[in-house]
Amino acid sequence: MTLTMTSYSAASIDPLSKGLGSVPSASVPLEHAANLEWNLLAEDVSLPAAVLYADRIEHNLKWMQDFVAEYGVKLAPHGKTTMAPQLFRRQIETGAWGITLASAHQTRAAYHGGIERVLMANQLVGKRNMAMIAELLSDPDFEFFCLVDSVDGVEQLGAFFKAAGRRLQVLIELGVAGGRTGVRDDAQLEAVHAAIRRHAGTLLLAGIELYEGIIADEQAVRAFLRRAVQTTRTLAAAGKFDRAPAVLSGAGSAWYDVVAEEFAAESKAGEIEVVLRPGCYLTHDVGVYKKAQTEILARNPIAKKMGEALLPALQLWAYVQSIPEADRAIIGFGKRDAAFDAGMPVPARHYRPGSGASAPRAVEPGEGWEVTGMMDQHAYLRIKPGADLKVGDMLAFDISHPCLTFDKWRQLLIVAPDYRVQEVVETFF
């Protein structure tokens with residue numbers, strides 16, 4: 001692969017980014033971050049800071065790769081969660097088939113970060129977006145897929161890519177009534193397929209895709225998945241796919257076990273490449289995805305036997321900024337720093353600089369510490385009167401919904417168990 005834009009290996013720690021320490025006036029290459037010998041607990045890092053725990057990231061990478069291997073299916077984790085090519089490369093190195101993304105911009109960022117296969121789980125619409133993908137497809141080592149669910153969309157893609165002299169692999173997306181994108185019935189499916197055939201040689205039908213995460217009921221999810229299996233079998237039997245093996249893809253972070261169960265037989269047959277796309281497993285959380293994982297562990301026999309499950313690997317560290325009332329502390333982070341759409345951040349660790357402690361202590365539920373509200377740069381923490389908390393203390397907060405925390409940070413820190421900074425991860429939202 002030729003890196004024709006900015007080489008991400010030459011990226012540097014940005015001295016203007018929040019969450020970093022005193023960077024010399026000449027910026028430091030990202031790969032030299034460990035040489036700075038920063039330690040979070042020594043206050044070498046400006047807070048607030050988004051922190052990833054190296055050991056937990058590695059655990060989650062291995063856990064999910066082992067899980068899909070049990071079913072004989074492939075993994076293309078959704079990169080929109082982190083938009084960090086450094087983390088994408090770790091996923092690929094651990095065994096991922098490719099990276100899933102949602103837009104042309106994200107795809108370009110991944111490509112220039114060294115990713116050679118992208119499944120864009122979205123429709124590719126608009127001249128400039130198409131041109132961005134056409135540019136990437138000039139590299140013969142880069143494999144790309146996008147979704148189609150309408151005749152208009154197919155016609156626009158066919159005309160553009162024929163004029164550009166590029167061939168484009170497409171997946172027909174299936175959908176459900178009241179849901180998101182995707183063809184709703186057989187008539188729409190046939191119309192879209194016929195449109196693809198009108199652009200034979202330019203548009204290549206590579207497989208079938210769906211997203212089941214908008215369905216709340218397990219039986220309805222299974223029915224949708226079985227519809228996809230049947231559709232794929234019918235098209236394969238009629239020789240309608242232009243890629244061998246054809247791709248059958250689904251699975252967000254809530255139902256990936258059910259998708260694996262329903263699709264695994266197709267993978268074993270050899271003619272279909274089953275690709276699962278969960279994204280939030282890498283960092284996990286203590287909120288919506290912890291709940292989803294708990295349900296997976298309760299219903300899936302393979303997940304149950306795999307030992308310690310996914311671990312929350314992302315926290316937001318901040319200072320106690322003020323204690324203006326006996327039962328209220330003001331913490332130095334807010335909506336600009338952490339997700340709040342799926343629940344408030346949860347206080348998890350407490351450290352007092354200068355105390356001599358080698359590690360922070362866990363905040364216990366019985367202490368009653370709770371974030372009750374957030375403004376742009378402040379969080380309201382309810383405490384019990386007399387709580388052992390001082391201005392300048394450091395607190396770590398667990399997060400619900402990691403996606404909307406990542407996109408608030410240009411750079412995040414990966415730390416070792418002793419809180420040494422091992423790496424600075426750059427995001428490209």
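Helices (H or I, at least four residues) and strands (E, at least two) are taken as DSSP runs and numbered from the N terminus. The model is predicted, so local features need pLDDT of at least 70 and side-chain atom pairs count only at pLDDT 80 or more, while totals for chains, interfaces and linings use all residues. Residues are numbered from 1 along each chain as its sequence is written, and side-chain values use heavy atoms, with hydrogens and water left out.

A search of the whole structure gives 10 aromatic pairs. Rings of Phe, Tyr and Trp (its six-membered ring) are paired if their centres lie within 6.5 Å; planes under 30 degrees apart count as stacked, over 60 as edge-to-face and the rest as tilted. Trp-63 and Phe-67 form a stacked pair, with 5.6 Å centre to centre and 5 degrees between the planes. These two residues are 4 residues apart in helix α1 (residues 54-71), which places about one helical turn between them. Phe-67 also pairs with Tyr-71; the centres are 5.3 Å apart and the planes stand at 55 degrees, so this pair is tilted. Phe-67 and Tyr-71 both belong to helix α1 and are likewise 4 residues apart, about one turn of the helix. Trp-63, Phe-67 and Tyr-71 form one aromatic cluster together with Tyr-256.

Burial was assigned from relative accessible area (buried under 20%, exposed over 50%, partly exposed in between; 1.4 Å probe, protein chains only). Trp-63 is buried, Phe-67 is buried with a value of 0%, and Tyr-71 is buried with a value of 10%.

A charge is taken to sit over a ring if NZ of Lys or CZ of Arg is within 6 Å of the ring centre and within 35 degrees of the ring normal. The charged end of Lys-18 sits over the ring of Trp-409, 4.1 Å from its centre. For Arg-349, the charged end sits over the ring of Tyr-53, 4.5 Å from the ring centre.

Gln-123 is located in strand β6 (residues 117-123) and is buried, with a relative accessible area of 17%. Contact means heavy atoms within 4.5 Å. Leaving aside residues up to four places away in sequence, Gln-123 touches Leu-147, Val-148, Asp-149, Glu-173 and Thr-181.
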